[in-house]
Amino acid sequence: MSNHDMEKRVRPTSIGGQAIIEGVMMRGKRIYAMAVRNPAGGITIEKNEWGGIANKGIFKYPIFRGIGAFVDSLITGTKILMHSAEIAGEDWAEEELSPFEKYLQNKYGDKINDILIYFSVTVSLILGMGLFFVLPVWLGSFFKTIVPVWALGVIEGLLRIAIFLLYLFLISRMKEIKRVFQYHGAEHKTINCFESGKELTVENVMPCTRLHKRCGTSFLLFVMIISMIVFFFVRTDSVALRLVSRIFLVPFIAGISYEVIRWAGKSESKLVAAISYPGLCLQKITTAEPDESQIETAIAAMKGVLEDEEE
């Protein structure tokens with residue numbers, strides 16, 4: 001089977017996942033299960049309800065539900081990632097607190113972890129906005145005297161995609177990230193195996209493709225492409241106004257991208273195959289072939305969700 005060939009989906013599922021430190025998190029409609037390889041070599045499994053703002057109030061409706069899902073994924077995903085490091089016994093999870101963290105711990109007590117999670121998410125958002133939206137606008141401003149205004153959005157979009165690809169390539173060279181990418185591959189293989197109707201065993205999961213249309217990598221690429229289309233119609237030669245419009249429209253673009261990838265995950269049409277192809281190619285960077293122990297961990301997380309949520 002080619003790396004781009006998807007297994008025949010005889011049992012479609014809405015279950016998605018996330019690679020974490022030495023493990024995998026699988027999320028159903030109501031709960032998530034995280035499976036982490038602990039220092040003793042066993043697999044620690046924890047389950048919790050998936051809270052947040054998604055599917056509540058205005059966030060039940062198209063576009064807005066994508067914004068809600070994006071916010072929930074950032075906050076809950078960061079929380080799960082940090083907790084997985086504690087279970088896995090990673091050294092950085094046991095590092096001595098900085099003076100600022102000690103101050104927060106003394107002031108807020110048990111709430112310190114939640115505060116640090118929200119702080120981490122805020123910093124990540126600021127850095128992400130700066131790298132993928134502010135920087136392309138600034139670099140694109142050097143072209144405003146030699147191209148028409150309508151072309152600036154296209155140039156910014158191409159710069160944004162180039163920065164994104166360079167970023168993925170650079171982090172993929174890191175040893176720690178490579179292991180996360182292997183667990184990412186195990187997550188996809190396990191979901192593909194389940195959707196193909198096969199029993200969840202290491203032998204059945206191993207030959208499945210590590211690419212999946214509903215991957216977060218594909219979502220981010222959709223964000224890049226859709227932002228280029230949207231910004232093509234938001235035309236101004238003022239750098240300040242372009243910056244404000246780009247930042248202000250990010251949630252809207254994320255909502256559209258969510259709807260596109262949601263649709264792509266349900267359809268088997270040739271149009272969807274064509275639209276999904278670039279994201280699948282990009283997953284060759286963000287996933288890696290897992291070993292048997294990593295697949296066992298992903299299977300444990302998947303079964304943890306299936307025990308509580310029959311598909």
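A residue is called buried if its relative accessible area is under 20%, exposed if over 50%, and partly exposed in between, with a 1.4 Å probe and protein chains only. The structure is a predicted model, in which local features need pLDDT of at least 70 and side-chain atom pairs count only at pLDDT 80 or more, while totals for chains, interfaces and linings use all residues. Residues are numbered from 1 along each chain as its sequence is written, and side-chain values use heavy atoms, without hydrogens and water.

Q283 lies in helix α9, residues 270-286 (helices are DSSP runs of H or I with at least four residues, strands runs of E with at least two, numbered from the N terminus). Because its relative accessibility is 0%, Q283 counts as buried. Leaving aside residues up to four places away in sequence, Q283 touches H188, R210, L211, H212, C215, T217 and S218, where contact means heavy atoms within 4.5 Å. With H212 there is a further detail: the side chain of Q283 reaches the backbone oxygen of H212 at 2.7 Å.

Strands β3 (residues 31-37) and β4 (residues 43-49) pair in the antiparallel sense over seven bridges; strands pair if DSSP finds at least two bridges between them. Within this pairing, M34 stands opposite E46 in β4. The two strands form a hairpin with five residues between them, and G41 in the turn has a positive phi of about 95°.

Helix α1 (residues 64-88) contains V71. With a relative accessible area of 31%, V71 is partly exposed.

How values were computed: Polar contact = N/O pair within 3.5 Å; in protein donor to acceptor, adjacent residues only side chain to side chain.
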